[in-house]
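Biologist: I have some questions about the terms you use for this one. Could we go through them while looking at it together?

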Amino acid sequence: MKRFTLISVPYLWLIVLFLVPFLIVLKVSLSDAALAIPPYSPTLDLSQGWAGILVWLDGLDMENYWFLADDNLYWKAYLSSLKIAAISTFLTFLVAYPFAYGMARAADEWQPTLLMLVILPFWTSFLIRVYAWKAILSVEGFLNQFLLWTGAIHDPLIILNTNVAVYIGIVYTYLPFMILPIYAALEKMDASLLEAAEDLGCSRFSAFWLITFPLSRQGIIAGSFLVFIPAMGEFVIPALLGGSRTLMIGKVLWEEFFSNRDWPVASAVAVILLLILIIPIILFQRNEQKNREAQG
Amino acid sequence: MTESASTGTDFEPWNDPKAVPLIQFKNVTKRFGDFTAIDNLTLDIYAREFYALLGPSGCGKTTIMRMLAGFETATEGTISLSGQDMAPVPPNKRAINMMFQSYALFPHLNVWDNIAFGLKRSSMAKDQIAARVEEMLRLTQLEKFARRKPHQISGGQRQRVALARSLAKAPKLLLLDEPLGALDKKLRQETQFELVDIQEKTGTTFVIVTHDQEEAMTVASRVAVMDHGKVVQVDTPANIYEAPNSVYVADFIGDINIIEGYATPISDTMVSVDFAEGQPKIHTSCPTGLTAPQRISFAIRPEKLLISTEKPTESANILSGKVVDIAYLGNISTYHVKLASGQMIKAQSANTRRIRRRAITWEDDVWISFTDTAGMVLTT
Amino acid sequence: MKRLSWFNATSLTLGLAFLYLPMVILVIYSFNAGKLVTVWAGFSTKWYGSLFQNEAFMNAAWVTLKVGFISSCLATILGTMAAIVIVRAGRFPGRTLFSGMIYAPLVMPEVITGLSLLLLFIAIGMDRGVLTIILAHTTFSMCYVSVVVSSRLVAFDESLEEAALDLGCTPFDAFKSVTLPIIAPAVISGWLLAFTLSLDDLVIASFTSGPSSTTLPIKIFSAVRLGVSPEINALSTIMIGIVAFGVITVSLTSKRAITRAKREEQKAFADA
């Protein structure tokens with residue numbers, strides 16, 4: 001009986017507030033936009049009984065999806081989200097790896113402090129961290145002030161409101177997600193493996209490529225998923241740092257919903273985004289599963 | 001029990017037909033899915049016994065213990081305590097306590113509170129609880145460590161806290177799951193005697209699970225040797241060693257030579273064993289006797305063999321061979337002797353002399369002799 | 001012993017600079033006397049003054065704290081229950097669906113979560129306001145809590161609970177007096193995580209809030225969308241300060257506790 005309560009309370013909560021809402025999204029994506037409240041039709045009218053359900057089912061169609069397929073904007077937004085997420089994941093990896101490596105090689109008494117320094121930004125507002133870059137990247141911002149002062153450039157660079165600013169924003173905010181799994185993989189590596197490799201005739205550099213790097217692969221894969229998946233649906237970063245030409249699907253969805261008030265199309269955009277994300281999510285969970293099994 | 005008390009100091013309730021066992025397993029079977037952990041087990045454990053369940057890992061001994069504690073229920077059969085069927089009684093209502101292999105000391109409570117934990121769950125008054133905890137601390141010599149947390153004491157002390165905690169409620173039966181497994185060898189040997197001492201002082205019935213035969217032999221009044229969910233033999237340590245009922249038990253306990261052969265009865269209690277061509281037949285006693293010639297295993301412990309460089313004049317059995325290996329263990333040496341038939345025999349002898357003056361060395365031709373009562377004839 | 005090579009030292013320095021420099025600049029320029037956040041015009045705390053005068057910000061902050069506190073408490077209870085179900089309950093009908101629903105919100109894009117909850121609230125005719133934000137935040141942060149708590153529960157030695165049962169506890173009693181105190185650190189960090197997630201959330205709150213229930217992130221977002229403002233810098237500095245203070249206090253106390261425990265342990269072995 002107690003077990004039943006224990007299971008059913010969180011279960012019901014999630015069904016009502018997670019599963020059902022998602023089914024509603026699916027349903028709305030098959031409806032038509034209407035000038036009404038709520039702004040879509042048909043709405044289910046249960047007072048008419050079975051007939052009402054039939055009318056409701058009859059009103060559903062794939063029209064919004066055909067619309068998405070027809071309109072270039074959506075295709076481009078999905079593709080550009082994929083591109084931006086992929087490029088920024090790679091850039092995050094380039095920044096994160098040397099850092100994680102340095103952390104794992106630092107003295108034992110320093111490692112907890114370094115770890116805390118990496119995690120600390122997690123606790124500060126995401127919005128504020130993205131906002132901080134606006135003042136740095138703008139035309140009269142600190143980066144341009146600095147570069148002009150050093151004489152590296154003569155005209156200020158235009159970075160804010162471009163894709164470059166979005167890359168920087170994603171790398172900055174998601175960096176800990178990449179550092180932590182790589183660090184975890186490097187940290188548990190047995191130091192005597194490298195000694196063994198050197199003993200068997202490897203140079204330092206080749207020992208790194210033949211031993212360290214392959215052994216940190218699981219961390220790299222996990223980190224890449226942790227950056228790529230949320231970056232795909234990102235809204236705040238393109239909204240604050242990107243320009244009008246920065247196309248990301250999270251932003252398109254937001255605008256479709258709040259500016260155009262086309263809820264059915266926004267829902268269809270959401271459904272497709274989720275379908276795209278399901279592939280990396282499943283791959284990620286497989287990878288985690290495999291890791292857990294490998295560990296015991 | 002009254003009878004055994006009157007016949008002498010021996011504690012042997014299992015030989016008393018009138019004694020009522022404390023614990024009874026009747027045709028107990030336990031299955032986990034397709035896997036049969038315990039297979040139709042019947043056994044009796046008497047009050048005040050120190051009963052050891054001995055076997056390799058996976059033989060089902062831990063399952064028996066967990067069924068006694070109430071963490072597993074039998075698939076078939078009944079388990080009773082003082083005649084009462086235990087199946088419907090949940091673990092927290094059983095007059096049985098358990099000492100866990102990992103000790104399972106509560107990390108957030110100090111030694112005192114760990115020991116008092118079970119008492120606080122009974123209807124005992126506060127001052128009585130305190131008195132009982134102090135008594136337990138004295139019994140296990142932990143008075144100095146009462147305020148320490150489990151991670152602040154050594155492994156041996158943790159083991160004693162676990163023991164004190166499980167004894168505090170004065171259970172009818174105490175279960176010990178590999179109680180000494182986490183201790184190093186020297187500490188383990190000391191603690192074995194402490195355990196026996198505490199068991200005698202408190203008069204509690206102990207059931208211990210172990211895979212260490214030496215431990216079982218040292219502490220137990222009776223040992224149940226287990227294999228694949230079945231009890232192969234239950235007997236006193238001496239009988240298990242000297243009169244194993246099967247090759248499995250003989251081989252599991254201590255070191256032994258097993259020689260397969262064909263036995264022919266020569267009298268009611270004597271047989272002769274033909275084990276290899278060109279080798280003399282072994283003359284050995286067989287108290288149960290054989291009705292017809294049959295294949296048997298002749299088992300003999302290495303320390304029961306006499307090894308010499310000169311042929312002994314009188315002995316029931318004399319074999320010759322060559323020394324191929326010597327294991328020097330300090331107090332004794334084990335000689336691996338190869339017979340002409342290729343059979344390997346291990347013989348042990350005490351090193352009463354200094355190593356340089358040892359008479360036997362590698363490649364020596366030696367004689368092995370033994371009496372006709374030294375070995376055992378095993379049919380299973 | 002281990003000495004950092006110049007390469008490792010450089011990558012650590014550059015990495016930390018990258019992580020912290022933007023925030024440091026933000027904090028410094030919150031004390032700028034000028035209106036521009038990129039040109040230094042002398043020290044002043046006037047933006048803090050005007051921030052506290054700004055009633056809209058103060059109201060939003062109050063709503064945010066209220067939502068954060070209530071939703072993180074609810075999320076902690078539900079998330080801990082869910083963690084116990086996942087780690088301990090064994091098989092039950094719909095287990096796969098259950099664990100799927102626990103893990104999915106972690107990777108679900110916020111825009112989708114927000115949109116779906118909004119459509120739910122509209123469908124059942126619920127007015128959007130503080131309550132709807134609380135429900136939304138509880139739902140996604142309970143999943144984070146359950147991940148944090150279940151990772152601790154997995155490592156929990158179940159024989160401790162069996163020992164408690166063996167010593168006379170009822171199953172509930174055993175959970176309360178043995179399991180809960182031991183997993184308490186994970187439950188507390190789960191609460192903290194849920195609280196920060198709630199304070200931080202813009203997207204889901206934007207979908208589920210009504211006109212009367214603007215949260216601080218929504219307010220900040222609409223302000224910074226237009227450009228940078230020194231008032232926002234001041235607000236950010238306060239928020240960063242609170243977090244830094246909290247994290248440093250916690251880590252110092254736990255560090256002290258660890259050193260004390262270590263000392264006692266050494267003493268114990270010396271006595272033994």
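**Strands, cores and domains**

Modeller: Let's start inside a sheet, where B:Asn97 stands opposite B:Leu174 in β7(B). This is a predicted model, so local features need pLDDT of at least 70 and side-chain atom pairs pLDDT 80 or more, while totals for chains, interfaces and linings use all residues. Residues are numbered from 1 along each chain as its sequence is written, chains are lettered from A and ligands numbered from 1 in the order in which they are written, and side-chain values use heavy atoms, without hydrogens and water.

Biologist: What makes β6 and β7 of chain B paired strands?

Modeller: Two strands pair if DSSP finds at least two bridges between them. Strand β6 (residues 96-99) and β7(B) are joined by four bridges and run parallel, so they count as a pair. On to β8 (residues 205-210), which has five bridges to β7(B), again parallel; here B:Leu173 has B:Thr205 as its bridge partner. The strands themselves are DSSP runs of E, at least two residues, and helices are runs of H or I, at least four, numbered from the N terminus.

Biologist: Why is β7 of chain B called mostly covered?

Modeller: Buried means under 20% relative accessible area, exposed over 50%, and partly exposed in between (1.4 Å probe, protein chains only). In β7 (residues 173-177), five of its five residues are buried. B:Leu173, B:Leu175 and B:Asp177 point one way and B:Leu174 and B:Leu176 the other, and all are buried.

Biologist: And why is helix α13 of chain A called largely enclosed?

Modeller: Eight of the ten residues of α13 (residues 249-258) are buried, so the rest of the structure largely encloses the helix. Among the buried ones are A:Lys251, A:Trp254 and A:Glu256.

Biologist: What makes β2 and β5 of chain B edge strands?

Modeller: Their open sheet has the order β2-β1-β4-β5, with antiparallel pairing. Both β2 (35-45) and β5 (84-85) have a single partner strand, so one side of each lacks a neighbour in the sheet. For β5(B), the link is two bridges to β4 (residues 76-81).

Biologist: Which strands does helix α2 of chain B touch?

Modeller: Helix α2 (residues 61-69) packs on the sheet, touching β1 (23-32), β2 and β4 of chain B, where contact means heavy atoms within 4.5 Å. Its direction makes about 115 degrees with that of β1(B); such angles run from 0 to 180 degrees between N-to-C directions, along lines fitted to C-alpha atoms, for helices over the stretch in contact.

Biologist: How many residues are in the largest nonpolar core?

Modeller: It has 199. A nonpolar core is a set of buried Ala, Val, Leu, Ile, Met, Phe, Trp, Tyr and Cys residues joined through side-chain atoms within 4.5 Å. Those touching the most other members include A:Phe235, B:Phe25 and C:Phe98. Helix α4 (residues 72-105) of chain A gives the most to this core, 13 residues. Beyond its neighbours within four places in sequence, C:Phe98 is in contact with residues including A:Ile7, A:Tyr11 and C:Phe92.

Biologist: What separates domain 1 and domain 2 of chain B?

Modeller: The bounds, from an automatic or database domain assignment, are 13-95 + 171-248 for domain 1 and 255-378 for domain 2. Their centres over C-alpha atoms are 35 Å apart. Eight residues of domain 1 are in contact with seven of domain 2. Together they bury about 580 Å², meaning accessible area (1.4 Å probe) lost on being put together, summed over both. In domain 1, B:Tyr241, B:Pro244 and B:Val247 lose the most, together 76% of what that side buries.

Notes: Buried area is the accessible area (1.4 Å probe) that two parts lose on being put together, summed over both.
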